[in-house]
Amino acid sequence: MPDLLRTFLRNRKAAIGLAIVLAYVVVALVAPLIAPFDPIARVGRPHQAPSAEHWLGTTRMGRDVFSQLIWGTRTSLMVGIVAGLIVTAIGTAIGITAAYFGGLVDNVLNFFTNVVLVLPQLPLLLVLAAFLGQVGPWAIALIIGLTSWAWGARVTRAQAMSLKTRDFIQASAMIGEPTWRMILVEMLPNLLSIIGFNFIGSVIFTIITEATLEFLGLGSPLALSWGTMLYNAQTASAIMVGAWWEVLAPCAAIVLIGVGLSLMNFGVDEIANPRMRTLGNVAKALRIEKRLLRQRMQEANQ
Amino acid sequence: MRFLLKRLSFYAVAFLVAATFNFMIPRLLPGNPADIMLANSGGMIAPEARDALMATFGFIDAPLHEQYFAYLGSIFTWDFGLSIKFYPMPVADVLTQALPWTLFLTGAALLIAFSTGTLLGILAAWRRGQLTDVIASPTALALQSVPAVVVALCGLYFLSVRNRVFPTSYAYDPKLDPAFSWEFAASVAYHGFLPVVTLSVVLVGGYLITMRNNMIGQLGEDYLAMAEAKGLSDARVRYAYAARNALLPSVTALALSFGALFGGSLITEVVFNYPGVGNLLYLGIVGRDFPLIQGQLLIMTLAMLLANLAVDLAYVFLDPRLKRA
């Protein structure tokens, strides 16, 4: 495991991404300590521009935007991680089961996955959330988690299928290893990169989707999250009255965590598939080789 | 041909599943739409109308399976009942009015995003580690994780409110009547510019990354070395050989991106108050217009399936192996 971590950190993109995400995690953990104001108390005049006292200004209700942003980090990260775990668990289970057992099991699971993939997801989520009434962040995490596993199941299945044809898997099957051991000990560790990729991607997707659902007014208006901030800004016509801080602050928070997570994902991809690298190292190696060649030729000429 | 038949039957079943899902949601969840609507109408709907309302949702006084078949029948007759928000317009008419705007928005954005993303992806892979790649790839990566809400709100704030370059809502100047005139077309283009750009920006990153990765997968292949050895021009090897083969997985990815396209268009339409079906769905949800929501979901599912079918057709065209099978 430390080896894996070292390889991960040696990748510059992954390291930067991890640093961004860790910063968010720290903010989420210590939110009550670092938030300067109570996020739902009236602490200033409505629509105050950013100042020394209110770093990111205030909302129409006179609430401190910066404090809301900090508390929102907590909600968004939790929802993202919970939904990400559900998505990954379901996707991995279905993908590996389909690939490992093949035949009828594969046909049924694969068909089911493909059907879910061609359904218009966001509209369905909207309607589901609307029928359930204004749902809290945990319910949103659950809804997204239970409906978004299809893509992960598809890629995991593809990867597991190619893994199944490898010699060591076939050999283990021939020795007569029990099914659970085949799946948990032989296959799962070799699928770690695709599972990690799926998890991080799902967290991004969930954070974006949660913000979208809440922005549209389908989440609980009492929740403290970036999406609710956007919703409140929208209902207060913050954009029209020029209170840009109210809109741009949560936007920036969402974009930055998204970039951090996808940098991590890019890193995972590059580690698992070295051909994807931007080739900084290879280009450098080529240059050094050329220079050595030139030096040698000069020496030979002398 | 067999490939297409297989796909067609798959879509038929998928549609049935979606329709069933659509049928179940209001029935499985607590409360029923008619009662919620009555409660929300604040006396605007007479309690006597409750039975008629129930009937519009297929909540007829009959066993569940009969309700189900009645509902399935309404798909073929295109009779989704009357809209509540736009009463007394039939849902089918409301949707027909909104559909062209969404098709325009999604079609234009898809065209722009896919061609730009694919082209830049080809170049980024071809000149890996050089300027195009170093700038385009991380930008695409960042764009991929930027939600449509953010792009739309930023566009609205910076270009429509702060600097009044573009209008903040509608698909054309309400003072104009729809007509085949230059003035009207110009108004449509002017109002559609920001929504189309928003949606393109949201989509372009994914296409770029996919194409770049596919292209890199092709780079080491022998047939490219052969083409180069024959003395073909760099551009010809790049586009007619490598890109042509790298395009196949990209087309598959295109089908998978329709969900994002529809979702993104929904958000864009809401933020820019653009009169498409996405905005309509939003209005329907906010106004608890259940007939509209149900009809809407069916139309959107149908559109998703048709778009996927179109991609399948393109796939057959791009991959001659499928034609022979």
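Which residues of α12(B) are buried?

## A buried helix in chain B

Here's the list for this predicted model: B:Val277, B:Gly278, B:Asn279, B:Leu280, B:Leu281, B:Tyr282, B:Gly284 and B:Ile285. That makes 8 of the 10 residues in helix α12 (residues 277-286) of chain B, so the helix is largely enclosed by the rest of the structure. "Buried" here means that 20 or more other C-beta atoms lie within 10 Å of a residue's own.

What does the covering? Just after α12(B), have a look at B:Arg288, which takes a positive phi of about 50 degrees.

## Where the two chains meet

Chain A puts 42 residues in contact with 44 residues of chain B. On chain A's side, the elements giving two or more residues are α5 (103-117), α6 (121-132), α11 (192-215), α13 (244-272) and α14 (280-301). Sort the residues on that side by type and you get 33 nonpolar, 8 polar and 1 charged.

A:Ile254 is a handy one to click on. Leaving out residues up to four places away in sequence, A:Ile254 touches A:Ile207, A:Ile208, A:Ala211 and A:Trp226, plus B:Pro147 and B:Val150 from the other chain.

## What UniProt says about chain A

The unreviewed UniProt entry lists "domain: ABC transmembrane type-1" at residues 73-265 of chain A. In the model, that span is 81% helix and 0% strand, with its end C-alpha atoms 20 Å apart.

UniProt (unreviewed entry) also places "transmembrane region" features on chain A, at residues 14-35, 77-101, 108-132, 138-156, 188-208 and 247-268. Take two of these: residues 188-208 of chain A come out as 81% helix and 0% strand, with the end C-alpha atoms 28 Å apart. Residues 247-268 of chain A are 100% helix and 0% strand, and their end C-alpha atoms lie 32 Å apart.

## And about chain B

For chain B, the unreviewed entry gives "transmembrane region" at residues 7-25, 98-126, 138-159, 188-209, 246-272 and 292-318. Residues 138-159 of chain B are 86% helix and 0% strand, with 25 Å between the end C-alpha atoms. Over residues 292-318 of chain B, you'll find 100% helix and 0% strand, and the end C-alpha atoms are 39 Å apart.

Terms used: Residues numbered from 1 in each chain as written. Chains lettered and ligands numbered in written order. Predicted model: local features only at pLDDT ≥ 70, side-chain atom pairs only at ≥ 80, totals over all residues. Contact = placed C-beta atoms within 7 Å. UniProt positions renumbered as here; feature names shortened; annotations may be inferred. Helix = DSSP H or I, 4+ residues; strand = E, 2+ residues; numbered from the N terminus. Nonpolar A, V, L, I, M, F, W, Y, C, P; charged D, E, K, R; others polar. Buried ≥ 20, exposed ≤ 12 C-beta atoms within 10 Å, placed from the backbone.
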